Amino acid sequence: MSVEGESYGPASADSKAAVLVEALPYIRRFAGKTVVVKYGGNALAGSSEADALSLFAEDIVLMHSVGMRPVVVHGGGPQISDLMSRLGKVSEFRNGLRVTDAETVDIARMVLIGQVNPQLVSAINVHGALAVGVSGEDAGLIRARMRDSELGFVGDIEAINPGILDGLMNEGFVPVVATVGTDGSGQAYNINADTVAGAIAEALRAEKLVYLTDIEGLRRVVDDPASLIRQTTADELDALIADGTIAGGMIPKVESCTHAVRNGVGRAHILDGRIPHVLLLEIFTDAGIGTMVQGGATR
């Protein structure tokens with residue numbers, strides 16, 4: 001048989017059919033379920049950022065096409081740092097959070113809402129008019145408060161109002177969320193995208209919360225690839241944070257995972273976004289990939 005001039009032998013055809021058959025029970029299981037995917041600025045696959053974005057968009061569109069309800073939450077840390085550098089500002093981080101003065105929060109809004117969000121929306125919409133860009137400022141989606149005066153305009157989440165996201169998904173759209181929130185006075189805050197993804201997953205009672213990053217998953221020994229954790233629990237991750245195994249920028253990601261699975265989210269996953277079609281491999285195959293977090297005891 002041939003497709004657009006390309007020939008496939010029987011073995012190739014059999015393997016393709018086997019993949020489809022393997023995916024079928026997962027397609028049935030997750031039809032109608034909400035999956036929140038956090039796309040990080042460091043989640044790269046393929047030979048260029050354009051390739052990475054295109055592959056990611058294909059995964060999201062396929063998930064939508066088989067009846068799932070994907071929500072994309074994105075960061076933009078590297079892009080914010082790059083613009084700050086070009087403007088002569090030095091990035092400073094404390095416990096994985098960016099110190100954000102008034103000028104920096106304006107830079108973050110420009111990058112997240114004006115650059116990264118439209119890029120993601122456009123990549124998805126190559127495949128059809130599906131994606132709609134929103135920010136936490138829209139319809140009161142993310143209500144925030146200042147976390148610590150020493151961090152400046154870095155926000156903690158007070159509340160998530162998921163109505164705009166539910167409305168978009170009910171109309172067949174894919175929401176793409178920029179993680180800027182506001183307080184009661186309208187002041188904007190830069191909020192850690194990992195934390196936002198977890199809070200949105202909880203508010204939507206998502207089946208899955210998925211983090212795409214630039215590591216293959218969590219390790220029990222940081223420098224030992226063989227110590228990759230395939231399955232773990234919230235309690236075990238608490239212990240790894242307490243003993244310093246999980247540190248720095250991974251802390252907000254892991255804490256949001258543990259909070260989510262303790263508050264109604266079915267499973268959380270930390271995946272290597274540099275692997276082509278990693279979302280499909282995790283959701284639609286038996287083996288899975290990366291680290292999966294659940295609330296109860298590990299089976």
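How many of the residues of strand E4 (residues 69-74) are buried? 6 of the 6, so E4 is largely enclosed by the rest of the structure. Buried here means under 20% relative accessible area, with exposed over 50% and partly exposed in between, using a 1.4 Å probe and protein chains only.

Some ground rules. This is a predicted model, where local features need pLDDT of at least 70, side-chain atom pairs count only at pLDDT 80 or more, and totals for chains, interfaces and linings use all residues. Residues are numbered from 1 along each chain as its sequence is written, and side-chain values use heavy atoms, with hydrogens and water left out. Helices (H or I, at least four residues) and strands (E, at least two) are DSSP runs, numbered from the N terminus.

Now the sheet. It is open, with 8 strands in the order E7-E10-E4-E3-E13-E15-E16-E14. The pairing is mixed. Two strands pair if DSSP finds at least two bridges between them. Strand E7 (131-135) and strand E14 (231-233) stand at the edges, each with a single partner strand, so one side of each has no neighbour in the sheet. On average, neighbouring strands are turned by 20° against each other, direction ignored.

Back to E4. Arg69, Val71 and Val73 point one way. Pro70, Val72 and His74 point the other way. Both sets are buried. Strand E3 (residues 34-39) runs parallel to E4, joined by 6 bridges. There, Val37 has Val72 of E4 as its bridge partner. On the E10 side, 3 bridges join E4 to strand E10 (residues 174-178), again parallel. Val72 pairs with Val176 in E10, and His74 stands opposite Ala178.

E7 joins E10 through 5 bridges, in parallel. Val134 stands opposite Val177 there.

Further along the sheet, strand E13 (residues 208-213) and strand E15 (residues 267-272) run parallel, with 6 bridges between them. Val210 stands opposite His269 in E15. Helix H7 (residues 234-242) packs on the sheet, touching E14 and strand E16 (291-294). Contact means heavy atoms within 4.5 Å. The direction of H7 makes about 85° with that of E14. Axes are lines fitted to C-alpha atoms, for helices over the stretch in contact, and angles run from 0 to 180 degrees between N-to-C directions.

H7 also meets a helix. Its axis and that of helix H8 (residues 250-261) come within 9 Å and cross at roughly 155°. H7 and H8 are therefore roughly antiparallel. The cut-offs: under 35 degrees is roughly parallel, over 145 roughly antiparallel, 65 to 115 roughly perpendicular, the rest oblique. The H7 and H8 crossing is left-handed. That means the near helix is turned anticlockwise from the far one by less than a right angle; clockwise is right-handed.

Last, the other helix pair. The axes of helix H3 (residues 77-86) and helix H4 (residues 102-125) come within 9 Å and cross at roughly 125°. H3 and H4 are therefore oblique to each other. H3 passes H4 in a right-handed crossing. From H3, the contact uses Gln79, Ile80, Leu83 and Met84. On H4, the residues met include Ile107, Met110 and Leu112.
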